[in-house]
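Please read these notes with the model open beside you. They are numbered so that each point can be checked on its own.

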Amino acid sequence: MNVPSNLMYTKTHEWVEIIDEKTVRTGLTAYAAENLGDLVFINLPEVGDSVTNGEALGDVESVKAVSDFMSYVTGEVTAVNEQILDEPGTVNGDPFGTWFVEIGNVTEKGELLTPEEYEKVLAEEA
Amino acid sequence: MELKTPLYDCHVAAKGKIVPFAGYLLPVQYEAGVIAEHMAVRQKAGIFDVSHMAEITLKGKDAMANVQNIVTSDCSKLKDGHVKYTTMCYDNGTVVDDLLVYKVSDESILLVVNAANHHKDVEWIKDHLTGDVVMEDISDNVAQIALQGPCSLDIMKKLTDEKNIPSKYYTFTEKCLVAGEECLLSRTGYTGEFGFEIYCGNDSAPVIWNALMEAGKEYGLLPCGLGCRDTLRFEAGMPLYGHEMDDTITPYEAGLGFAVKLEKGDFIGKKALEEKSKPTRTCIGLKMTGRGIAREHQDVYDGDKKIGFTASGSHCPYLNGAYATAILEMPYTALGTKVEVDVRGRRVAAEVVKTPFYVNPDQRKKL
């Protein structure tokens, strides 16, 4: 399974790109996208909403399944990828190239995994 | 421990994603995915392993009299070679199961019931038999393959003599050869499309499956999993036990009043159904107008008032929108009524719409 080396990961299969000290972008890993199947609905917060480390910031739904999309940082939503709200299937096509939200004013970061650590998580779930 | 159907190896070879379902290991989807499989059935063709469905035969002089006592429809005028969709009810009028009645003759009848209710149904039927009739549960010896979609007829013509193909919807050919294997060929299905269901012996199933895969290649046929079986039946307004009906819901409440014939004579549940023939709640369709997908068993509201619950809910791939069925109190069942569904703590707007959500008249076309 593809695990890009420039990203950080979570044990619940989100990826987190560290843009700078206070800003991250986050999306869903290829493993999660494949397991959920064709995504048909994504629910995300709006710009200005605050998000909390360890809490769901949105949810993703495939035809038959619903899954929380977790935040592993505490901060404020500074941008939302509106395109995926209209075309959730984009995520299945390019999960690592399709960010969900950008979070700024990050005051707390939770448990983020290195690519090597995340590969171990994948190996355990396989 | 889950059982394997005779087609298990075919699913693995076709890279099916295998899950446990109703005691069997079955593919929820293959490589193409739920949406592509769903669209293949709407536009081309798909095949499904439905060997988990349970088959029960009733034979003897009183076979039809027993069917008439057990089910809510009137099967007395059913012709040989015809099929009827019906329900069987408890004494209190709620549903034991929905089922298909295949009439071979007055003295030989095949019942096809849900896998999830298999053992409950066998016990229920056994406990209510009277007179000269022998019941046999033949489920373990019978495999079932569904071929569904507009190209089904062309594919079937490659594998059987045209005279074997049932010309009318809800009719069947009791004994014929498909791909050289003996089977019962039925013009039925659970997708809303033109198609067939093929009942055969376990050893014949992989032969027929592989022949269908090969014959269907030029038409774009895909193997289809349980995922799209559910989205197809839901989009086409076909009920599923445990959702639109169960042992707390009557056929009238489920919108299956057409399957209850109170005037046919006595049958199990008749007295209760006579009293409950004008229900105060009924199953309707909802189109989600707000952003979100309602799922099964979520509460439905008019403002602060809870008015019912969803029975099924899903994204409908062909219609490309979110829909639900819900059992609502009257008068909220009127078309156009605006309601809200509690989707995991979030209110999502919905509107009562006509069911089935999707209709293809070709499903019933006469050949």
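1. B:I249 counts as buried, because 23 C-beta neighbours lie inside 10 Å. The cut-offs are these: a residue is buried if 20 or more other C-beta atoms lie within 10 Å of its own, exposed if 12 or fewer, and partly exposed in between, with C-beta atoms placed from the backbone. B:I249 is found in the loop between α7 and α8 (270-275) of chain B. Leaving out residues up to four places away in sequence, B:I249 touches B:T94, B:V95, B:A254 and B:I327. Two residues are in contact if their C-beta atoms, placed from the backbone, lie within 7 Å. B:L153 stands 96 residues from B:I249 in sequence and 37 Å from it in space, C-alpha to C-alpha.

2. A word on the source. This is a predicted model, in which local features need pLDDT of at least 70 and side-chain atom pairs count only at pLDDT 80 or more, while totals for chains, interfaces and linings use all residues. Residues are numbered from 1 along each chain as its sequence is written, and chains are lettered from A and ligands numbered from 1 in the order in which they are written.

3. Chain B has eight helices and 20 strands. Helices (H or I, at least four residues) and strands (E, at least two) are DSSP runs, numbered from the N terminus. The radius of gyration of chain B is 20 Å, close to the 21 Å from the globule rule for 367 residues, so chain B is as compact as a globular protein of that length. That radius is taken over C-alpha atoms, and the rule is 2.2 Å times the number of residues to the power 0.38. Along its principal axes the C-alpha trace of chain B spans about 60 × 50 × 45 Å. Of the 367 residues in chain B, 48% are buried.

4. Chain B is split by the domain assignment into domain 1 (1-279) and domain 2 (280-353); such bounds come from an automatic or database assignment. The contact between them takes 15 residues from domain 1 of chain B and 14 residues from domain 2 of chain B. On the domain 1 side, α2 (34-43) and α7 (226-235) of chain B each supply at least two residues. The largest share of that side, four residues, comes from α2(B). By class, the side of domain 1 of chain B that touches domain 2 of chain B has seven nonpolar, four polar and four charged residues. Here Ala, Val, Leu, Ile, Met, Phe, Trp, Tyr, Cys and Pro count as nonpolar, Asp, Glu, Lys and Arg as charged, and the others, Gly among them, as polar. The C-alpha centres of the two domains of chain B lie 28 Å apart.

5. How many of the ten residues of α7(B) are buried? Nine are, so α7(B) is largely enclosed by the rest of the structure. Among the buried ones are B:R229, B:D230 and B:E235. The cover over the buried residues of α7(B) includes β2 (17-21), β3 (24-29), α2, β4 (46-49) and β17 (305-316) of chain B.

6. Helix α6 (residues 204-216) of chain B buries B:S204, B:A205, B:I208, B:W209, B:L212 and B:G216. They cover an arc of only 130° around the axis, which puts them on the same side of α6(B). The arc is that of the directions from the helix axis to the C-beta atoms. An α-helix has 3.6 residues a turn, so residues three or four places apart point the same way.

7. Chain A has four helices and nine strands. Of its 126 residues, 34% count as buried. Nine residues of chain A are in contact with 13 residues of chain B. Strand β4 (residues 39-43) of chain A gives the largest share of the chain A side, three residues.

8. Some backbone details deserve a check. Most residues other than glycine have a negative phi, and most peptide bonds are trans. A cis peptide bond joins B:M330 and B:P331, with omega about 10°, and another joins B:T355 and B:P356, with omega about -5°. A:N105 is not a glycine, yet its phi is positive, about 50°; A:N105 sits in strand β9 (residues 101-109) of chain A. B:A179 also has a positive phi, near 55°, and is found in the loop between β11 (172-178) and β12 (181-186) of chain B.
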